[in-house]
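These exercises go through one structure step by step. Try each task before reading its solution.

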Amino acid sequence: MKNGKTLAEKIWENHIVHREDGIPDLLYIDLHLLHEVTSPQAFESLRINNRQVRRPDLSIATIDHNVPTTDRSLPNPDPLSIKQIDTLRKNAKDFKVPLLDIFDPRQGIVHVISPEQGLTQPGMTIVCGDSHTSTHGAFGSLAFGIGTSEVEHVLATQTLPAPLPKMMEINVKGNVQKGITGKDIVLAIINKIGVDGGIGHIIEFTGEAIKNLSMEGRMTICNMTIEAGARAGLIAPDETTFNYIKGRPMAPKSDAWEKAVANWKNLYSDDDASFDTRVELIAEKIEPFVTWGTNPAQSAPISGKVPNPKDMADAAARDTATRALDYMDLKAGTNIEDIILDKIFIGSCTNSRIEDLRSASNIVNGNKVAKDIHAIVVPGSGLVKKQAEEEGLDQIFIDAGFEWREAGCSMCLGMNPDILKPGERSASTSNRNFEGRQGQGGRTHLVSPEMAAAAAIAGHFTDIRKI
Amino acid sequence: MKSIKKINSIVLPLNRADVDTDQIMPKQYLKRVERSGYGPFAFDEWRKDPDFVLNDKRFENAEILLAQRNFGSGSSREHAVWGLEDLGIQAVIAPSFADIFNSNCGKVGILCIQLTQKDVDNLMSIAESSEGLNLEIDLADQVLINSKQNTKINFSIDDFLKHRLLNGLDDIGITMQREELINKFENERKDFYPSTKSII
């Protein structure tokens, strides 16, 4: 007889406003993050239906997706982007939702700034009209992306009707080799379970290799849970989590802090909790990963080769791989290390935090970007940028030939002027290598910040373990 | 939300797996603040290929889209669903759907029908053949009818979603009827988590 509960089940049950047979649970939402792209129609519908924002004090907005990352004192070149940004400003003002606007030093990618401000805390339910909301699961919170209709639902009611997903445990056993990052771990996981392996599930990541990661590394892993199709990903909070939160502007203080930590220490999956699916990876076997295709599961270790679709048993996999190689202009059997690049992008909600910039700058330090390579670094937030500048990281990148930019989503999805031209090939620290994602006809290879930095210098992929 | 009862249409076969929402609605169209008019932008890039199935006049008025596994993966952009809605699609049939896309469809009023891989492959081969495939979907009875070949396939659907789709019910209206429960929940856990009020 099963008595134990998973961490996700515990958080879920803590937030049930209404449970009734035959209908989805009504869940309370503790924090609603908003940005300019997926919110305008939701606010407009509130207006049409004469509805208010129920809890502006549990909502926060920022501008990240389509903001230029070049000098912000210059005019924004895109009239549609201006209109969308102005619409968010008006909505935030009309509905009294706090907004961290472009010139606020705390502005940045929504999934970077919420943890940075201490708003993301263990045990919370967090939603945002953005699939990478799963990032916040790194703190032992239940966080998931929603569509615009659901954004409106949360604005109006601070709740969301949702059926309880199935539970999956992914145990990354043992320790990773030197130079292996959270990005490599999550790419290895997606490679193993596939882009649809997590459908209908919440994934809890466990094991020594996960425990040993910093909060930045954990955020990278939870961020890309959605790329395995899962509803959410989370990691039980521990001292690493508490140390990260402590002292941040919105973190609990003094007595409230002690009380909060005592509560957070109860957030773990019971020994006898049951998971619908369990997956195991051996950490030691994980190499630096590079994607070769047009979905994040189409990847290979740096020592590997571009596979031959003919060797794939599954018909759909063969078909998507054939299409992907054609789009990516790659030949089966090519060594991953021989893939030559045009652009390097270090940034995105996956890999733009201070630790990511530190480790990339370590590789870059004293070297030069290869001839004909265009490389940019886009910090995740104004505060990450400031911190990096205080540590002199900006100068390391600039001296090597990188461009040093303002915070935003940038070339991850190319909604602003940072895009790949048709046929250009990038090494990118972002999360999606879909066709056209970084610009129509652009070809994206996903890698860790270290691997992107090393590729910038070599001009092609190279094994950072050999540096 | 528009209600769905019966759909009777030719089937548009999109024989690809892992079709992501970046393909269904490319990012350059997400800058619009409007809720309607996304149809012309759907599959914008793939439509540049004259052989792409959406350019085939036979399927011009299709209300049923048939695709392979993991349809709608990736980004949460509801714009992808709005694009399909604007094209006149009322139902999507596939072996599996990405969770957020599936949920967005339920809010907009597009029916996602999950069938076995074998059933999808069978339907796909008929839909891609020169004769094409016409299907009738009866949501109330949860059945797909191919009258020409006299076959039926039953499908399952969440009871509450079925109820909402059949009656065109707005989720927010339903939740707002539970306002007292929300008030009670909030009163019991005041000040438990951070407020964003003091951030500005």
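**Exercise 1.** Find what percentage of the contacts in chain B between residues at least 6 apart in sequence join residues at least 24 apart.

Solution. Two residues are in contact if their C-beta atoms, placed from the backbone, lie within 7 Å. Among contacts in chain B between residues at least 6 apart in sequence, those joining residues at least 24 apart make up 70%.

The model is predicted: local features need pLDDT of at least 70, side-chain atom pairs count only at pLDDT 80 or more, and totals for chains, interfaces and linings use all residues. Residues are numbered from 1 along each chain as its sequence is written, while chains are lettered from A and ligands numbered from 1 in the order in which they are written.

**Exercise 2.** List the elements of chain B in order from the N terminus.

Solution. Helices (H or I, at least four residues) and strands (E, at least two) are DSSP runs, numbered from the N terminus. Chain B has 7 helices and 7 strands. Their order is β-α-β-α-β-α-β-α-β-β-β-α-α-α.

**Exercise 3.** Decide how α2(B) and α3(B) are oriented to each other.

Solution. Step one: take the axes, which are lines fitted to C-alpha atoms, for helices over the stretch in contact, with angles from 0 to 180 degrees between N-to-C directions. For α2 (residues 79-87) and α3 (residues 99-108) of chain B, the angle is about 50 degrees and the axes are 9 Å apart.

Step two: classify the angle. Under 35 degrees is roughly parallel, over 145 roughly antiparallel, 65 to 115 roughly perpendicular, and the rest oblique. The two helices, α2(B) and α3(B), are therefore oblique to each other.

Step three: name the residues. On α2(B) the contact uses B:A80, B:V81, B:W82 and B:E85, and on α3(B) it uses B:F101, B:N104, B:C105 and B:V108.

**Exercise 4.** Identify the residues with the most contacts inside the largest nonpolar core.

Solution. A nonpolar core is a set of buried Ala, Val, Leu, Ile, Met, Phe, Trp, Tyr and Cys residues joined through C-beta atoms within 7 Å. A residue is buried if 20 or more other C-beta atoms lie within 10 Å of its own, exposed if 12 or fewer, and partly exposed in between. The largest core has 193 residues, and B:L66 and B:V92 have the most contacts inside it. Beyond its neighbours within four places in sequence, B:V92 touches B:L65, B:A67, B:F71, B:C105, B:I110 and B:C112.
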